[in-house]
Structure formats: structure tokens, C-alpha cells
Amino acid sequence: MSDSDKLGHAMTVQEFTDALIRVSLIALMVILSFQVFSPFMSLMIWALILAVTIYPLHQSLAQKLGGNQGRASTIIVLIGLFGIGIPMVLLGSSIAEHATSVADRYQAGTLHLKPPKETVADWPVVGEDVYKAWSAASANLPAFIEANKTSIESLVSSGMAAAKSTVGTVFLFLGALIVAGIMMAFGESGSAAMDSIIVRIVGPKHGSEVHTLATMTTRSVAAGVLGVAFIQAVLVGVGFLAAGVPVAGLLALVVLLLAIMQLPATLVIIPVIIWLFKASDHSQVMNIIWSIYLLAAGLSDNFLKPMLLGRGVDAPMPVILLGALGGMMSMGFVGLFVGAVVLAVGYQLFMKWVAMHEAEEAAEAAAATEAEATE
């Protein structure tokens, strides 16, 4: 082997070693950066979804304020904080005061329960068991607590865990709203930067198109699926409360989950209507009125979706369902919303990538056929 060949071989090994070191350092930086950023992942994803969804409203408000982006963001964030934060604080204070009062009366031996009404036994599925337990507790509360100490402690622990999760979700949403306000204030530069990143990854030919698709899909799912689900749950929940349905808040939450998963709210509403006619204290006329209202609220998604869902970017129901369930399993309640949006965007981007590949193959085949015909 000549000296020049040896030198060329040595240079090749050196270049490979340098490239391996660079790749290793980049991989190390990516791993470290992910570890540092991972505690804020849910917050930032949720903030990005909110920012993308609310941005058209933000721009409309900014135009009315003379183009002041920061002021428009501040107004939207303050409305969100006061509209959600204050009611949650008041509700939390009320619950805390009630729990403290119950604990004080129990310690003083003055806590008593009123006997249940006979209609409680007619509640669907759980009526008889609830009636028996409630009657025993109202007759001798200390003995009932002592006899069911393990079950009560388990129930209290589950309730505390659910309350903690709910409070954490609310604070996460409020924090995400603040971050989303900052994102919207710098929306133009942020959108340009994101477009450059996507173009760099996908290529200049399809980068801007993919960016637009991701943005429109996010808005479509957030407004057309999550927004509709929230509005429908509120409408149905108000009807449950007004009609005096037991555990109305819990049933409204179930309606919210069903709506996110694209399942009919009538799965909950029909049993409630049956209960109204069998066990409620209302007159037949009022039962008919509440039934009509609940059915209308349960079917409201049929005209809300065309109003709020973006054209041509709606994801299939199984994708939304898997996203909601998977997000809830991995991130808790907030994952219902984040998971549905993220998986829908991923699905649309994947299908766009497949379509681009098929289009490129068709173009190459057409060019080859044209070349053969020319020859």
C-alpha cells in the first residue's frame, strides 16, 4: 500500500471518528434537553393548542385595539383567569368550609343525617343499596362509620385524589392560558419560526402546506370536538341541575367524556329521563318539558359541529377516541383534550405524508411514460 493510500485511509477513519463524536454530542444534548423540558411538556403542549385555537380571536381583538398584540393577549388572559379562576376559588372555599363544618360537628357529636326519601330506593341500579346505607347512617351515624370504616376511608382517599387531580388540572389550564397569551403576543414571529422549522424537516416543497394542515387540524379538533363537547356537557348539566337529578355534576362529566369520544350523550340522558318519570317529584308536564330539553341538549352536537368544525380536516372517530383515552391514561384528565388534538394532528400529517409520497410516485411514472413516448 502506498503512502498516499495510507494517508487517505487515515483521513477516512478520522472523518468517521469526528462524525461519530458530533452525532453523540448532539444525541446527548437532545436527551438532556428533553429531560429538562419534560416536566413542562403537558403545559407547553396545552398552551400551544390554546394559542393556535384562540389566535384568530386574538387577531380580531388586536385589530380593534390598533394592532396592539400584547394588549389583546392581556385582555384574553385576564378574561380567562377571572372567568375560570374566581369561580374555582369560590367553589373551593365553599367546599373547604363545608368539609370543616362537617368535621367539627362530627367531633362534637352533633352531626346527624336526615332519613332518605322513599323515592331514593327507586333510583336506577343503585337505589336500594343507597337507601339501605343512608337509612343505617341516619339511624346511628357513629356505628355506621365504625362498621364501614375501611370502605369510608377508601372512599375519602379516592375523593381527595380526585379533588387533587381536578385542582391540578385547573391550575395547569390557567398556567397554559398565561403561556398561550405570551405565544399569541409574539404570534407572527412564532408562526414564521415554526414554518421555518417544518420546512427544514419536511422540505421547501411541502413545508408550508404541512404547517397549515397542522394549524387547521388543531383548530378544527379543539373547536369542533372539544368545544362542542364542553358546550354540550354544560347544556345537559344545567338541565340535570334544574330537573333535580341526583349527582348531576358527575353525570355531566360523563356526558363530557362521551362527547369527546364521539359517543352519543343519549347513553346518559335516556336513563335520566326514565328516572324522571319513575322517581322524580315533578308533574308529568314538567317531566315532559325536561325530557324535551335534555334530548335537545343531547342532540345539540348535530348543529354545533358544522358551525365549529373546520372544513376538510376532521379526523375519524376512532382516532379521536384513541387520542382521548390514551391521553387520559398518560396525562390524567387534561390528557382527554391534549391527546385528542395531538393524535388527530399526527394522523392528518401522516396521511398527508402518504399522499405526498403517492403523488411523487405518480408524477415520476407520468414523466417516465412521457419520456418513453418521446423516444
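User: Where is asparagine 287 found, and why is asparagine 287 called buried or exposed?

Analyst: Asparagine 287 sits in helix 11, a helix being a DSSP run of H or I with at least four residues, numbered from the N terminus. Buried means under 20% relative accessible area, exposed over 50%, and partly exposed in between, with a 1.4 Å probe and protein chains only. Asparagine 287 has 1% relative accessibility, so it counts as buried.

User: Before we go on, what kind of model is this?

Analyst: This is a predicted model, where local features need pLDDT of at least 70, side-chain atom pairs count only at pLDDT 80 or more, and totals for chains, interfaces and linings use all residues. Residues are numbered from 1 along each chain as its sequence is written, and side-chain values use heavy atoms, with hydrogens and water left out.

User: Which residues is asparagine 287 in contact with, leaving aside its neighbours within four places in sequence?

Analyst: With those neighbours set aside, Leu276, Phe277, Ser280 and His282 are in contact with asparagine 287. Contact here means heavy atoms within 4.5 Å.

User: What makes the buried residues of helix 11 a face?

Analyst: The buried residues in helix 11 are Asn287, Trp290, Ser291, Leu294, Ala297 and Gly298. Looking down the axis of helix 11, they fall within an arc of 130°, so they line one face of the helix. The arc is taken over the directions from the helix axis to the C-beta atoms. Val285 and Ile292 are exposed, on the face of helix 11 turned away from the buried side.

User: How do you know how the reach of helix 11 sits against the expected value?

Analyst: The expected span is 1.5 Å times one less than the number of residues. Helix 11 has 15 residues and reaches 21 Å from first C-alpha to last, close to the expected 21 Å. Helix 7 (residues 187-202), with 16 residues, reaches 22 Å, close to the 22 Å expected. Glycine 203 follows helix 7 with a positive phi near 115°.

User: And what about helix 8: where does helix 8 bend?

Analyst: Helix 8 bends by about 30° at glycine 227; that is the angle between axes fitted to the seven residues ending there and the seven starting there. From its first C-alpha to its last, helix 8 (residues 207-242) reaches 51 Å, close to the 52 Å expected for its 36 residues. Just after helix 8, glycine 244 has a positive phi of about 70°.

User: Why is lysine 352 called partly exposed?

Analyst: Lysine 352 has 21% relative accessibility, so it counts as partly exposed. Lysine 352 belongs to helix 14 (residues 334-374). Beyond its neighbours within four places in sequence, lysine 352 is in contact with Glu209, Val210 and Leu213. Lysine 352 and leucine 213 are 139 residues apart in sequence, with C-alpha atoms 8.6 Å apart.

User: How far apart are the C-alpha atoms of glutamine 69 and methionine 184?

Analyst: They're separated by 7.5 Å, at 115 residues apart along the chain. Glutamine 69 is in helix 3 (residues 69-108).

User: Where is confidence lowest and where highest?

Analyst: pLDDT is the predictor's confidence in each residue, from 0 to 100. Confidence is lowest in helix 12 (residues 301-308), at a mean of 72, and highest in helix 11 (residues 284-298), at 89. For the protein, the mean pLDDT is 78, and 85% of residues reach 70 or more. Where pLDDT is low, the predicted coordinates should not be read in detail.

Conventions: Helix = DSSP H or I, 4+ residues; strand = E, 2+ residues; numbered from the N terminus.
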